[in-house]
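Reader: I have just opened this structure and would like a guided tour. Could you take my questions one at a time?

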Amino acid sequence: MTNPIALPDDLKPYLIPAFERKAKSITAINVKALTSYTDTLVIIEGSSHRQVTSIAEHLIKSLKNQKKKAIGVEGVKEGEWALLDYGDVIIHIFESEKKSFYDIEGLWADAKRIDLSEFKDAYRSEETDDEF
């Protein structure tokens, strides 16, 4: 893994709704130099099927309010693995067990990670000191 790169401003609308729903973990990976079908993968972990569905629905609604419409949406109701395709940004929302099984971060180990520390500090729970 390489050093994290700076968070581009145009990625923030895709991340804020996930942090608002207190996802268990969030990773953003810049894959622009490695693939032609997207620029960024966002991998979000929810602690339950219900949280996966809630995060996905909140993202869809928030982005729609910003005039960003998904090209494709899969798995939202099932709550194990939701995929939201916005073209330049593809968002995977996993329940913990499925996230470990598919290991998307491992598949893209050579890709640059995007520094999300500004969100982690802003949305850190006051009751816990959990890492994102």
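Reader: Which residue of β2 does Ser25 stand opposite?

Author: Happy to start there, and please keep in mind that this is a predicted model. Strand β1 covers residues 25-30, and six bridges join β1 to β2 in an antiparallel arrangement. Within β2, the residue opposite Ser25 is Glu45.

Reader: Which residue of β6 stands opposite Ile29?

Author: Here we look at another pairing of β1. Two bridges join β1 to strand β6, residues 112-113, and these strands run antiparallel. In β6, the residue opposite Ile29 is Arg113.

Reader: Why is β1 largely enclosed by the rest of the structure?

Author: A residue counts as buried when its relative accessible area is under 20%. By that cut-off β1 is largely enclosed, because the number of its six residues that are buried is five.

Reader: What is the bridge partner of Ile43 in β5?

Author: Let's move to β2, which spans residues 40-46 and is joined to β5 by seven bridges. The two strands run parallel. For Ile43, the bridge partner in β5 is His92.

Reader: Which residue in the hairpin of β4 and β5 takes a positive phi?

Author: Between the two strands of this hairpin there are three residues. A positive phi near 85° is found there at Gly87.

Reader: Are the residues that point each way from β5 buried or exposed?

Author: Val89, Ile91, Ile93 and Glu95 point one way from β5, while Ile90, His92 and Phe94 point the other way. Strand β5 runs over residues 89-95 and is mostly covered, with seven of its seven residues in one class. On both sides, that class is buried.

Reader: Which element gives the largest share of the largest nonpolar core?

Author: This core has 27 residues, and among those touching the most other members are Leu11, Val42 and Ile93. Elements giving two or more residues to the core include α1, β1 and β5. The largest share is five residues, and it comes from α2.

Reader: How many residues are in the second, separate core?

Author: Its members include Val31, Ile43, Trp108 and Ala111.

Notes. Residues numbered from 1 in each chain as written. Predicted model: local features only at pLDDT ≥ 70, side-chain atom pairs only at ≥ 80, totals over all residues. Heavy atoms only, no water. Buried < 20%, exposed > 50% of the residue type's maximum accessible area, 1.4 Å probe, protein only. Helix = DSSP H or I, 4+ residues; strand = E, 2+ residues; numbered from the N terminus. Pairing = 2+ DSSP bridges. Core = buried A, V, L, I, M, F, W, Y, C linked by side-chain atoms within 4.5 Å.
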